[in-house]
Number of protein chains: 2
Amino acid sequence: MDVRELVGQARLGRPRAVARLISLVENAVENAVDATGPEEGDRAASAVASRALREAMAELATGTARPYTARVIGLTGSPGVGKSTSTGMLIRAFRRRGSRVGVLAVDPSSPFTGGALLGDRVRMQDHATDPEVFIRSMSSRGHLGGLAWATPQALRVLEAAGCDVILVETVGVGQAEVEIARLADTTVVILAPGMGDGVQAAKAGILEVADVLVVNKADRDGVQATVRELRNMTGLVETPWRPPIVTTVASKGEGADDLLAALDKHQAYLEESGEARRRRLARARDEIEAIALAQLRSRFAVLHADRLDALAERLLGAETDPYAAADDLIAALG
Amino acid sequence: MDVRELVGQARLGRPRAVARLISLVENAVENAVDATGPEEGDRAASAVASRALREAMAELATGTARPYTARVIGLTGSPGVGKSTSTGMLIRAFRRRGSRVGVLAVDPSSPFTGGALLGDRVRMQDHATDPEVFIRSMSSRGHLGGLAWATPQALRVLEAAGCDVILVETVGVGQAEVEIARLADTTVVILAPGMGDGVQAAKAGILEVADVLVVNKADRDGVQATVRELRNMTGLVETPWRPPIVTTVASKGEGADDLLAALDKHQAYLEESGEARRRRLARARDEIEAIALAQLRSRFAVLHADRLDALAERLLGAETDPYAAADDLIAALG
């Protein structure tokens with residue numbers, strides 16, 4: 001099947017075409033890494049994957065009447081707070097409304113946490129037979145920067161497949177997850193009671209990224225203390241949007257309506273304030289820049305590998321310094 | 001103090017000069033991020049920081065007789081396995097040999113785990129008064145890629161200060177930590193017994209990066225099971241170097257000699273096999289490439305911000321696709 005046909009199938013909502021297009025994106029991340037390897041074959045593979053992906057993205061980005069209209073909701077939080085269960089709850093809540101839902105589970109911290117993610121994938125299999133739910137996971141064996149440019153492309157595929165809502169779940173709460181969460185219109189940070197110093201440590205970070213705060217596992221001890229602590233934190237925020245705090249027991253579906261209401265309220269705020277457009281512009285800007293840098297990186301690896309090797313030798317021999325060497329490499333771009 | 005003087009002071013092993021130079025590196029990471037922000041001030045700050053850093057690195061990289069001679073040992077492992085205690089044990093072991101020791105604690109997962117790292121810093125204060133031990137931590141508020149280019153620069157500063165051994169401790173075990181660990185000559189992965197599925201999940205990742213495996217907290221139950229599991233894993237490795245497994249109780253200093261012996265054996269292997277030179281060349285190559293990309297990124301942000309904005313608007317309006325837009329941005333480089 002050629003790329004144009006594949007895109008056509010994805011637009012009709014055919015799951016296999018959607019899956020293949022997202023694989024194309026994922027492979028490109030992996031090849032972008034391989035392209036910096038020493039093998040000639042790696043470099044060739046990179047070039048091939050890029051061509052198909054370019055075509056697909058050109059089709060998807062320009063052949064659409066209403067781009068950037070799917071609602072993108074990021075979910076993040078420490079391991080064990082119940083991210084996948086919460087994602088599952090939100091899938092059901094949006095399905096009850098009749099929305100077509102896409103889920104992108106992004107794992108930036110492989111290789112070491114691959115096992116945990118696999119468990120999550122299995123848990124989401126509840127929805128595997130629902131033709132209105134598209135679940136895909138992406139992991140990066142390579143550079144974290146790769147996911148920053150791959151995620152918007154995967155979002156574009158899911159949007160083309162008619163998803164009204166796309167949930168982006170990231171495993172973990174590090175910088176990478178935050179970056180990916182920021183690709184969303186609304187970022188939900190999930191916590192659980194009894195995390196001890198966790199909340200304290202996470203203060204600054206949470207306030208930076210959370211549009212909605214969820215205290216999950218609200219049937220456990222300490223939920224009120226966690227809510228109180230969060231309320232004190234958000235009370236200090238001097239922004240037009242103060243993140244609401246929602247308590248849920250995702251495993252029982254409790255709090256789903258409250259969470260949906262909080263998400264809708266934020267969506268309304270985004271539209272009224274013009275922030276929706278600003279966030280989407282920033283997402284587009286980041287994507288373009290990330291692709292440009294990946295292309296340049298690939299040029300260094302493919303076209304200028306010998307020069308880079310020679311410069312590294314000179315740096316090892318104290319014959320140049322890293323900045324001068326970098327200038328020399330940039331000059332090679334012509 | 002001008003940059004040349006600062007470098008001179010660092011070469012004499014003056015801790016404050018070393019600290020200031022590493023701060024220069026760390027600030028550059030932060031500014032590299034700011035440079036992509038919308039504020040004119042951010043962009044100016046970025047340019048200024050780069051100039052001083054360039055000068056410092058030029059001095060450090062070329063004005064040295066024996067660059068890349070310090071032994072760089074990376075330590076990584078999940079939270080709670082005792083990384084900082086192990087680092088402390090290694091500091092003492094190398095000090096007993098009369099080595100000057102540098103420690104770089106790198107936290108790629110801020111903002112959310114900042115609190116944990118602070119605790120580690122405090123624990124290493126035991127060595128704060130030893131003039132032959134330099135301890136610095138670096139965190140990244142911004143792009144993870146930032147640490148990939150900042151770490152080799154910080155290593156260069158510590159080497160100039162006469163450190164024979166530099167320990168690079170990374171918090172966590174994700175992809176970012178692995179990338180940073182790979183900047184080392186020898187990478188030590190630390191585990192603790194009773195991590196349950198952890199070892200299983202981490203299999204692939206550990207075997208990819210570990211040169212030496214440490215099972216710390218070896219006075220706890222389950223140490224033999226963990227060692228056995230690791231031995232089965234490493235038994236499958238078909239590489240010239242099979243990672244040895246060392247058991248330690250770092251809090252009591254037990255196993256320090258075994259660990260040192262394993263590190264020395266790996267060092268000898270590196271030198272004999274030519275792998276030492278290959279790793280250092282790869283480190284130099286990565287650093288040059290990372291700086292070149294950061295420079296290009298900064299050019300996009302500083303010189304071509306308007307073009308990037310316009311391209312993002314067009315992408316939002318379905319008038320272009322991300323790859324074509326990226327090509328357009330690259331063309332702006334001239």
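**Notes on the predicted model**

1. In this predicted model, B:Ile330 touches A:Ala292, A:Gln295, A:Leu296 and A:Arg299, when residues up to four places away in sequence are not counted. B:Ile330 belongs to helix H13 of chain B. Its relative accessibility is 7%; because buried means under 20%, B:Ile330 counts as buried. The C-alpha atoms of B:Ile330 and B:His304 are 9.8 Å apart in space, while the two residues are 26 apart in sequence.

2. B:His304 is placed in the loop between helix H11 (275-303) and H12 of chain B. With 14% relative accessibility, B:His304 is classed as buried. Which residues does B:His304 contact, leaving aside its neighbours within four places in sequence? They are B:Arg299, B:Leu329, B:Ala332 and B:Leu333.

3. Two residues of chain B have a positive phi without being glycine. For B:Tyr68, phi is near 60°; for B:Ala318, phi is about 60°. B:Tyr68 sits in the loop between helix H3 (40-62) and strand S1 (71-76) of chain B. B:Ala318 sits in the loop between helix H12 (305-316) and helix H13 (322-331) of chain B.

4. On chain A as a whole, the secondary structure consists of 13 helices and seven strands. Chain A has 334 residues, of which 56% count as buried. Where contacts in chain A link residues at least 6 apart in sequence, 79% of them join residues at least 24 apart.

5. H10(A) comprises 18 residues and reaches 26 Å from its first C-alpha to its last, which is close to the 26 Å expected at 1.5 Å a residue. Its buried residues are A:Ala256, A:Leu259, A:Leu260, A:Ala262, A:Leu263, A:His266, A:Gln267, A:Tyr269 and A:Leu270. The buried residues of H10(A) pack against several elements of chain A, including strand S1 (71-76), helix H4 (83-96), strand S5 (186-191) and H11. A:Gly274 follows H10(A) and has a positive phi, near 85°.

6. Two packed helices are described by the angle between their axes and the distance between the axes. For H10 of chain A and helix H11 (residues 275-303) of chain A, the axes come within 5 Å and cross at roughly 85°. H10(A) is therefore roughly perpendicular to H11(A), as angles of 65 to 115 degrees are so classed. H10(A) contributes A:His266, A:Leu270, A:Glu271 and A:Ser273 to the contact, and H11(A) contributes A:Glu275, A:Ala276, A:Arg278 and A:Arg279. By class, this contact of H10(A) with H11(A) has two nonpolar, two polar and four charged residues.

7. Two further helical residues of chain A may be noted. A:Leu230 is in helix H9 (residues 223-235) of chain A and, at 0% relative accessibility, counts as buried. The C-alpha atoms of A:Leu230 and A:Leu213 are separated by 8.3 Å, the residues being 17 apart along the chain. A:Ser23 is in helix H2 (residues 15-34) of chain A and, at 24% relative accessibility, counts as partly exposed. From C-alpha to C-alpha, A:Ser23 and A:Ala154 are 8.9 Å apart in space, although 131 residues apart in sequence.

8. The last point concerns a loop residue of chain B. B:Ser251 is in the loop between strand S7 (245-247) and helix H10 (256-273) of chain B. Is B:Ser251 buried or exposed? B:Ser251 is exposed, because its relative accessible area is 61% and exposed means over 50%.

Notes
Residues are numbered from 1 along each chain as its sequence is written. Chains are lettered from A and ligands numbered from 1 in the order in which they are written. This is a predicted model: local features need pLDDT of at least 70, side-chain atom pairs count only at pLDDT 80 or more; totals for chains, interfaces and linings use all residues. Side-chain values use heavy atoms; hydrogens and water are left out. Helices (H or I, at least four residues) and strands (E, at least two) are DSSP runs, numbered from the N terminus. Buried means under 20% relative accessible area, exposed over 50%, partly exposed in between (1.4 Å probe, protein chains only). Contact means heavy atoms within 4.5 Å. Axes are lines fitted to C-alpha atoms, for helices over the stretch in contact, and angles run from 0 to 180 degrees between N-to-C directions. Angles under 35 degrees count as roughly parallel, over 145 as roughly antiparallel, 65 to 115 as roughly perpendicular and the rest as oblique. Ala, Val, Leu, Ile, Met, Phe, Trp, Tyr, Cys and Pro count as nonpolar, Asp, Glu, Lys and Arg as charged, and the others, Gly among them, as polar. The expected span of a helix is 1.5 Å times one less than its number of residues.
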